[in-house]
Amino acid sequence: MYKNDTIYYPQDEMTTVLLPVTIGCPYNKCAFCSMYKDDKYCEVSFSDIEMQLLNIYNYTEKIFLTGADPISIGFDKMKRLLDMIHQYLPYCACVASYASIKNISKYSVEEISILHDAGFRLLYVGFETGRDDILKLMNKGHTVNQAIEQAKKLNEAKMPFNSIIMYGIAGKGESVANAVATAEMINQFITNKVITMNLSIFDGTKLSDMVKKGDFISSDRNERLLEIRTLLENLEPKQPMIFDTTHPTNIIKIKGILPQDKERLIHEVTNHD
């Protein structure tokens, strides 16, 4: 890949061709995240990107742009990048990447639509939670209203996206309230998929320091299972939506389509050992 930097990508993109666009994270302040703490943020040069494209199989149909938040390079560079991908990989029908609420807000509906028409077809967006107090505690850099606003913008631009949320993030005794609030947020927009992740506490993070000081107490396994169940009970999607807890961090691996699989999924959570 690109030099010796660690590359992160969604589980769904395990077999997708990866194309480095940025290194590190332009924000890098989330209390729970350790992935990019030692990486200085920078953009991969277009000459390096071109060299990568020259070495990718010509009939490749999907590309995943790597980096914590590749859309941080801005509209003009994103359009140039997509045009370059189309030039070298004419059969590529889908370009996907991570995207933050913070950087989505820098794009207009028209710009997102243009990028979509140029082949940008899927975003993975970290919402984490539907509670402002927890977003602030975890230093996410956006509010719930901002998240909803940007999600609706993506809907208006017809840009498909997957929503990443994190259970356990609110701490002990807060799981039910967090699940209800997160479901209320998601119910206000249309998303392809809800991808759950189980909060992990990594050494060297602000969250790790909070735990050591007693400022954050983790919820236990039973409470986290209750959180997943409560989330499922309260999700009311406007159109069919995948619910997926198969990411390796999760304490239970279930997957289905809401609303039709809701009762089955709730049953599987309820009867999980």
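**View 1. Helix α7 (residues 175–186) and helix α9 (residues 221–234) cross at roughly 30°, their axes coming within 8 Å.** The two helices are therefore roughly parallel (angles under 35 degrees; over 145 is roughly antiparallel, 65 to 115 roughly perpendicular and the rest oblique). Axes are lines fitted to C-alpha atoms, for helices over the stretch in contact, and angles run from 0 to 180 degrees between N-to-C directions. The crossing of α7 and α9 is right-handed; a crossing has this hand if the near helix is turned clockwise from the far one by less than a right angle, and is left-handed if anticlockwise. On the α7 side, S175, V176, N178, A179, V180, T182 and A183 take part, and they meet E223, L226, E227, T230, L231 and N234 of α9. Contact means heavy atoms within 4.5 Å. The residues of this contact comprise 6 nonpolar, 5 polar and 2 charged. Nonpolar covers Ala, Val, Leu, Ile, Met, Phe, Trp, Tyr, Cys and Pro, charged covers Asp, Glu, Lys and Arg, and polar covers the others, Gly among them.

The model is predicted, with local features requiring pLDDT of at least 70 and side-chain atom pairs counting only at pLDDT 80 or more, while totals for chains, interfaces and linings use all residues. Residues are numbered from 1 along each chain as its sequence is written, and side-chain values use heavy atoms, with hydrogens and water left out.

**View 2. Helix α9 also packs against helix α10 (residues 262–270), with axes within 9 Å and a crossing of roughly 170°.** α9 and α10 are therefore roughly antiparallel to each other, and their crossing is left-handed. From α9 the contact takes L225, I228, R229, L232 and E233; from α10 it takes K262, L265, I266, V269 and T270. By class there are 6 nonpolar, 1 polar and 3 charged residues in the contact of α9 with α10.

**View 3. Helix α2 (residues 75–88) and helix α4 (residues 109–117) have axes 10 Å apart and pack at an angle of about 10°.** This angle makes α2 roughly parallel to α4. The crossing of α2 and α4 is left-handed. F75, M78, K79 and L82 of α2 form the contact with E111, I114 and L115 of α4. The contact of α2 with α4 has 5 nonpolar, no polar and 2 charged residues.

**View 4. H116 lies in helix α4.** With a relative accessible area of 17%, H116 is buried (under 20% relative accessible area; exposed is over 50% and partly exposed in between, with a 1.4 Å probe and protein chains only). Leaving aside residues up to four places away in sequence, H116 touches R121, K158, M159 and P160. The C-alpha atoms of H116 and K79 are separated by 9.7 Å, and the two residues are 37 residues apart along the chain.

**View 5. An open sheet of 8 strands runs in the order β1-β4-β5-β6-β7-β8-β9-β10, with mixed pairing.** Its edge strands, β1 (17–20) and β10 (255–258), each pair on one side only. From one strand to the next the twist averages 25°. Strands of a sheet pair through backbone hydrogen bonds, either parallel or antiparallel. Here two strands pair if DSSP finds at least two bridges between them. Strands (E, at least two residues) and helices (H or I, at least four) are DSSP runs numbered from the N terminus.

**View 6. Strand β8 (residues 193–198) pairs with β7 (residues 161–167) in the parallel sense over 6 bridges.** Y167 stands opposite N198 in β8. Strand β9 (residues 241–244) runs parallel to β8 and is joined to it by 3 bridges, with I242 of β9 as the bridge partner of K193. Because 5 of its 6 residues are buried, β8 is largely enclosed by the rest of the structure.

**View 7. Strands β9 and β10 pair in the antiparallel sense over 4 bridges.** M241 stands opposite L258 in β10. The peptide bond from L258 to P259 is cis, with omega near 10°. P259 is found in the loop between β10 and α10.

View 8. N139, which is not a glycine, has a phi of about 55°. N139 sits in the loop between α5 (132–137) and α6 (144–156) and is partly exposed, at 27% relative accessible area. K158, also not a glycine, has a positive phi of about 60°. The loop between α6 and β7 holds K158, and at 65% relative accessibility K158 counts as exposed.
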